[in-house]
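Let's take a walk through a protein model together. Have the sequence and the 3D view ready, and turn the view as you read.

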Amino acid sequence: MIVRACAPIAVGEQITFSYASLLSDNNRVLEERQKILRRNWEFTCNCRYCTLERNERKAARNEREKLLQDVEKLYRDAPAGMHASSSQVRILLAALDAKIKAIEKTYSSSCPPATVFPRIHLARAVNLKQSLCARYNSWDGTRLACEGVLKALGYEIDTSNNDVKITKYGYSQPLVLSAMWQLYICRKVDALHMGVPLNGKVVVERVDTGGKGRAMDKFAEGWRRAAESMYEVDAGEKTTFEKVYALEKFIVI
């Protein structure tokens with residue numbers, strides 16, 4: 001077994017194992033999660049996340065779950081074959097934004113930051129918006145949603161100097177890799193539209209004035225490296241990353 005740490009571990013610090021993915025339907029509600037743990041493993045979890053949730057008002061937690069279920073219904077009922085410019089899509093995305101803002105408000109001002117208490121429901125809601133924005137070719141919407149997922153899960157990322165450096169890892173979930181990879185795609189598309197070729201093919205005939213396209217391409221590569229590092233954390237190796245995430249599968253010229 002290979003275990004990779006994505007955060008500093010102090011000498012003598014206890015390392016625990018997660019028995020449940022907090023993002024799955026059965027585990028994201030505290031009471032249901034505890035029932036499963038007691039039934040299957042005969043213990044009550046007092047980890048930091050469970051303890052922080054237990055200290056919240058139950059009404060706030062219930063409202064948060066109800067709002068996320070509303071978001072999931074909007075996602076399931078979302079029409080296919082439409083573009084971000086259509087009025088129906090704009091209305092849908094506005095409704096999603098309203099629900100997402102309402103979820104944010106369920107976390108009181110006294111809640112610890114996302115680096116300590118990841119906003120699981122918020123991350124899931126923003127992830128669903130990310131998927132819809134990508135479906136409707138709303139690149140700006142996709143980019144902002146991806147950044148929102150990372151922030152909700154407690155990731156701190158330095159993007160200065162057209163580079164990407166993870167300065168603090170948050171709650172590690174496949175959603176993180178998805179967001180980072182999607183940010184790579186978004187920035188790669190931006191670079192292509194600035195005249196930077198892909199595999200020798202030019203998408204837009206444009207002079208790269210001031211090297212902005214090359215700078216954007218460098219920024220995109222930073223997100224690719226970040227995604228690769230998360231793939232290594234999730235999979236325990238990175239040799240298959242290029243095969244699984246071949247760029248040609250995502251951008252077709």
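Start with H6 and H7, which pack at an angle of about 150 degrees, their axes 9 Å apart. Before going further, note that this is a predicted model, where local features need pLDDT of at least 70, side-chain atom pairs count only at pLDDT 80 or more, and totals for chains, interfaces and linings use all residues. Residues are numbered from 1 along each chain as its sequence is written, and side-chain values use heavy atoms, with hydrogens and water left out.

Two packed helices are described by the angle between their axes and the distance between those axes. Here, axes are lines fitted to C-alpha atoms (for helices, over the stretch in contact), and angles run from 0 to 180 degrees between N-to-C directions. Helices (H or I, at least four residues) and strands (E, at least two) are DSSP runs, numbered from the N terminus.

Which residues meet where H6 packs on H7? On the H6 side you'll find Trp139, Thr142 and Arg143 among them, while the H7 side includes Leu175, Val176 and Ala179. Contact just means heavy atoms within 4.5 Å. Sorted by class, this contact has twelve nonpolar, two polar and three charged residues. For that sorting, Ala, Val, Leu, Ile, Met, Phe, Trp, Tyr, Cys and Pro are nonpolar, Asp, Glu, Lys and Arg are charged, and the others, Gly among them, are polar.

Now for the rings. Rings of Phe, Tyr and Trp (its six-membered ring) pair if their centres lie within 6.5 Å; planes under 30 degrees apart are stacked, over 60 edge-to-face, and the rest tilted. By this rule there are twelve aromatic pairs. One of them joins tyrosine 155 and tyrosine 169, edge-to-face, at 6.0 Å centre to centre with 65 degrees between the planes. Tyrosine 155 sits in the loop between helix H6 (139-152) and strand E1 (156-158), and tyrosine 169 in the loop between strand E2 (165-168) and helix H7 (174-193), so the pair ties together parts 14 residues apart in sequence. Tyrosine 155 is buried, at 6% relative accessibility, whereas tyrosine 169 is partly exposed at 25%. Buried means under 20% relative accessible area, exposed over 50%, and partly exposed in between (1.4 Å probe, protein chains only).

Why is the pair of tyrosine 231 and tyrosine 245 edge-to-face? Their ring centres are 6.1 Å apart and their planes lie at 85 degrees, so the pair gets that label. This pair links distant parts of the chain, with tyrosine 231 in helix H8 (residues 212-235) and tyrosine 245 in the segment after helix H9 (241-244). Both are buried: tyrosine 231 at 10% and tyrosine 245 at 17%. Zoom out a bit and ring pairs link Trp181, Tyr184, Tyr231, Phe241 and Tyr245 into a cluster.

Last, head for the loop between helix H1 (30-41) and helix H2 (48-54), where you'll find cysteine 45. Is cysteine 45 buried or exposed? Cysteine 45 counts as buried, at 13% relative accessibility. Leaving aside its neighbours within four places in sequence, cysteine 45 is in contact with Gln34, Leu37, Cys50 and Arg54. Glutamate 42 is also in the loop between H1 and H2, but glutamate 42 counts as exposed, at 71%. Glutamate 42 has a positive phi of about 60 degrees although it is not a glycine.
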